[in-house]
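Trainee: I am new to this structure and would like to learn how to read its features. Could we go through them together?

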Amino acid sequence: MPLTQDASLVLASSSRWRRELLDRLQLPYQCYSPDIDETPHANESPKALVHRLALSKANAVAERFPDHYIIGSDQVAVFEGDILGKPHTQERACANLARFSGQRVTFLTGLALLDTRQQRHYTHIEPFDVVFRSLTEREIERYVALEQPLDSSGSFRMEGLGITLFEALEGRDPNALIGLPLIALCSMLRQVGISPLGAE
């Protein structure tokens with residue numbers, strides 16, 4: 001049965017960037033940070049990883065919110081067959097960006113919407129490509145020092161100075177690069193009777 005506009009939403013994330021994206025939809029929601037192990041499994045593909053982690057984040061808070069729709073999302077960068085998560089250190093961030101210089105990098109963002117009322121879920125994986133311009137060592141070091149993108153997949157923040165690193169962005173939804181694919185999320189929400197624009 002479709003729910004009314006005030007349906008309870010929960011964002012299973014501690015990311016301020018995902019909160020800012022979800023704020024754009026002007027829907028009431030709560031935030032709760034999931035506690036999960038984000039380590040990739042042996043021989044796990046990038047798509048399988050982001051699918052599992054997005055759903056795991058939503059499931060991790062399901063007990064606390066038994067009558068809600070829970071949004072989980074996770075992202076990785078994929079380059080030359082390597083899965084690259086958050087760099088955590090300045091050295092690793094600089095090394096990642098040096099590898100990316102003049103190259104195309106694919107980002108995969110997993111999205112899950114868990115309906116704890118009906119015990120069902122919806123999932124989606126959104127790809128997005130970034131073409132980096134040729135970067136000097138000084139530019140890389142200065143960027144990392146200024147923006148400190150240590151908790152960002154790919155070692156940059158597109159919503160900040162990261163935009164200066166790129167030659168082109170290619171994909172359906174640039175919001176996915178920040179961490180929450182809003183086009184896909186809106187589609188999922190409409191499936192369960194929730195729309196930022198009201199009832200159809």
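**Reading the core and the strands**

Mentor: Phenylalanine 156, leaving aside residues up to four places away in sequence, is in contact (heavy atoms within 4.5 Å) with Phe107, Val130, Phe132, Tyr143, Pro149, Gly162, Leu165, Phe166 and Leu177. This is a predicted model, in which local features need pLDDT of at least 70 and side-chain atom pairs count only at pLDDT 80 or more, while totals for chains, interfaces and linings use all residues. Residues are numbered from 1 along each chain as its sequence is written, and side-chain values use heavy atoms, with hydrogens and water left out.

Trainee: Which residues have the most contacts inside the largest nonpolar core?

Mentor: In soluble globular proteins, nonpolar side chains tend to be buried together. A nonpolar core is a set of buried (under 20% relative accessible area, 1.4 Å probe, protein chains only) Ala, Val, Leu, Ile, Met, Phe, Trp, Tyr and Cys residues joined through side-chain atoms within 4.5 Å. Here the largest one has 43 residues, and Phe132, Phe156 and Leu185 have the most contacts inside it. Helix H6 (residues 182–191) gives the most to this core, with 6 residues.

Trainee: How many bridges join strand S5 to strand S6?

Mentor: Strands are DSSP runs of E, at least two residues, and helices are runs of H or I, at least four, numbered from the N terminus; two strands pair if DSSP finds at least two bridges between them. S5 (residues 104–115) and S6 (residues 120–132) run antiparallel and are joined by 12 bridges, with phenylalanine 107 having phenylalanine 128 in S6 as its bridge partner. They form a hairpin with 4 residues between them, where glutamine 119 in the turn has a positive phi of about 55°.

Notes. Buried < 20%, exposed > 50% of the residue type's maximum accessible area, 1.4 Å probe, protein only.
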